[in-house]
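Work through the exercises below with the structure at hand. Try each task before you read its solution.

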Amino acid sequence: MKRLLKNGRVVDPANGRDGVFDVLIDGDRIARVASDIAADADTTVVYVPSGFIVAPGLIDMHVHLREPGQEHKETVATGTAAAVAGGFTAVACMPNTNPVNDNAGVTDYILKKAAEANLARVYPIGAVSRGQQGEQLADIAELRDAGCVAITDDGHPVATAMLMRRALEYTRMFDMPVIEHCEEQTLKGEGVAHEGMHASALGLRGIPGEAESIMALRDISLAELTGGRVHIAHMSARQTLDAVRYGKSRGVRVTCEVTPHHFVLTDAMLGSPIPYDANVKMNPPLREAADRDAMLAGLKDGSVDAIATDHAPHHYDEKQVEFDRAPFGITGLETAVSLCFDRLVHAGVISVSRLVELLSLNPARILSVRGGALSEGAPADISVLAPDMTVTISAASMRSKSKNTPFDGWRLRGGVAATIVGGRVVYVNESGHLPMR
Amino acid sequence: MSSSIDAAVADADVIMMLRIQQERMSGAFFPSTREYFNTFGMTTERVEKAKPDVIIMHPGPMNRGVEIASEVADGPYSVILEQVSNGVAVRMAVLYLLAGGQEGD
């Protein structure tokens with residue numbers, strides 16, 4: 001069966017396209033991208049409304065699907081349902097499950113659940129160390145052979161400089177990135193919020209930006225020493241961005257990602273509108289305006305490589321406790337596209353083409369996975385985006401099993417019209433006016 | 001140069017293995033001997049990718065099941081025992097010459 005997406009604004013930076021084109025999907029592949037493709041008898045024609053964007057499938061390279069072990073928060077099925085509703089055709093999931101994804105058995109299990117759900121593609125990320133205990137390397141070649149695309153001890157930093165060195169040396173053989181949760185743990189201490197005026201006013205223990213940048217500098221130095229590839233996860237502090245720029249200026253193989261909440265929100269949220277709201281508690285914490293502005297500058301000038309959500313579902317009961325006791329993290333899959341359009345594209349920070357780089361092309365390159373481009377012959381993973389759709393975020397109607405988002409009730413400009421994975425339409429927004437099923 | 005043993009073995013005339021110095025490895029250079037064997041170990045399947053008249057060498061002592069499978073070490077392509085025997089003679093000769101002996105003595 002063939003499907004022709006007609007007259008959409010195709011934004012595909014890998015192929016240098018940004019303009020009105022037709023995209024012909026044949027089975028699970030992209031057959032052609034050109035102007036005025038003629039439809040034959042067995043082709044379903046979908047007229048893409050004016051202004052809608054046809055982009056290579058978005059890839060969220062940092063999500064927690066919680067399965068196995070914490071299925072009360074999220075499962076592979078609910079997490080990938082949230083992903084496609086958020087416009088993502090693929091997600092890379094973190095290994096801090098229970099048991100930890102430090103062996104091929106767990107990787108196989110996640111991939112089996114992903115195949116059963118049959119929604120977004122799932123790329124598991126393996127652990128750096130056995131049990132994420134920070135002592136001995138996990139069987140990384142085995143994880144890679146089972147389908148892992150990167151390694152990380154996310155949730156924690158790689159415990160020691162020596163272990164990080166060995167991980168970078170070892171993964172260099174496979175050209176796999178080591179994804180690092182940068183946090184100098186003694187400096188973070190018992191902190192729960194960004195160290196600054198707002199945390200002080202509320203009596204919350206602080207975490208300075210340097211807790212992140214010190215670890216980033218360690219890892220960038222080790223990437224330079226070893227020739228390995230390090231990817232800085234969920235960058236939040238301006239000092240860390242400086243560290244990344246320093247590394248890049250020296251030719252170190254370092255890349256980084258920023259979450260929507262770190263380029264939209266600041267620590268002013270700690271006190272207002274809801275004081276001590278556990279849905280503004282995440283790690284790294286929301287930082288001050290200067291940091292948020294630095295992230296925007298990095299997105300604009302190219303220092304930031306990717307936008308990832310750090311989708312971290314937690315059960316309502318777990319978040320409905322004192323701020324100090326609540327777990328870190330918020331969901332992100334179903335709010336990212338709207339926040340990106342509203343706060344980056346419509347705010348004039350970046351172009352749509354740059355947004356596609358950040359959400360699709362660069363994540364595909366960093367993880368060395370298929371996708372990121374609407375090339376002929378490539379798998380038909382396509383996100384149809386509606387940049388002018390008015391979206392009111394509703395936590396209650398989200399597909400994620402957890403509703404822990406600080407964006408509930410926000411009205412934003414920009415949304416997802418449809419998501420296509422391997423030629424199958426896996427999501428259509430009912431208010432998107434896209435005649436497709 | 002390649003870090004893929006399969007690429008390295010393809011069409012090889014001679015495969016020279018080397019011992020992993022486990023006694024000097026407190027710092028976990030690689031994850032486990034199991035993974036080392038799966039990733040780098042010389043197995044019958046890998047030998048079959050080399051030339052049909054390949055010879056397998058190893059200066060010994062071997063860690064069987066780590067860098068080399070016993071079937072390969074003791075198999076038809078192995079010249080390891082000859083290598084080790086000749087290695088003794090070569091060392092004797094070198095030591096003799098270094099100690100002042102003359103060629104032809």
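**Exercise 1.** In which loop of chain B is B:Asp11 found?

*Solution.* Keep in mind that this is a predicted model. Start with the elements on either side. B:Asp11 sits in the loop between α1 (5-9) and β1 (14-16) of chain B. Next, check the backbone. Phi of B:Asp11 is positive, about 60°, although the residue is not a glycine. Last, check the surface. B:Asp11 has 56% relative accessibility, so it counts as exposed; the cut-off for exposed is over 50%.

**Exercise 2.** Find the element that holds A:Asn7, and classify its accessibility.

*Solution.* A:Asn7 belongs to strand β1 (residues 2-12) of chain A. Its phi is near 65°, a positive value in a residue other than glycine. The relative accessibility of A:Asn7 is 36%, so the residue counts as partly exposed.

**Exercise 3.** Locate the cis peptide bond that joins A:Asn98 and A:Pro99, then describe the loop around A:Pro99.

*Solution.* Read omega for this bond: about 5°. Then place A:Pro99: it lies in the loop between β7 and α2 of chain A. A:Thr97 lies in the loop between β7 (88-93) and α2 (104-117). Is A:Thr97 buried or exposed? Its relative accessible area is 8%, so A:Thr97 is buried. Leaving out residues up to four places away in sequence, A:Thr97 touches A:Arg66, A:Glu67, A:Pro68 and A:Val106.

The peptide bond from B:Gly60 to B:Pro61 is cis, with omega near -10°. B:Pro61 is placed in the loop between β2 (55-57) and α4 (70-73) of chain B.

**Exercise 4.** Compare the radius of gyration of chain A with that of a compact globule.

*Solution.* Chain A has 437 residues, and a compact globule would then have a radius near 22 Å. Chain A has 21 Å, which agrees. Finish with the elements: chain A has 13 helices and 19 strands.

Notes. Residues are numbered from 1 along each chain as its sequence is written. Chains are lettered from A and ligands numbered from 1 in the order in which they are written. This is a predicted model: local features need pLDDT of at least 70, side-chain atom pairs count only at pLDDT 80 or more; totals for chains, interfaces and linings use all residues. Side-chain values use heavy atoms; hydrogens and water are left out. Helices (H or I, at least four residues) and strands (E, at least two) are DSSP runs, numbered from the N terminus. Buried means under 20% relative accessible area, exposed over 50%, partly exposed in between (1.4 Å probe, protein chains only). Contact means heavy atoms within 4.5 Å. The radius of gyration is taken over C-alpha atoms; the globule rule is 2.2 Å times the number of residues to the power 0.38.
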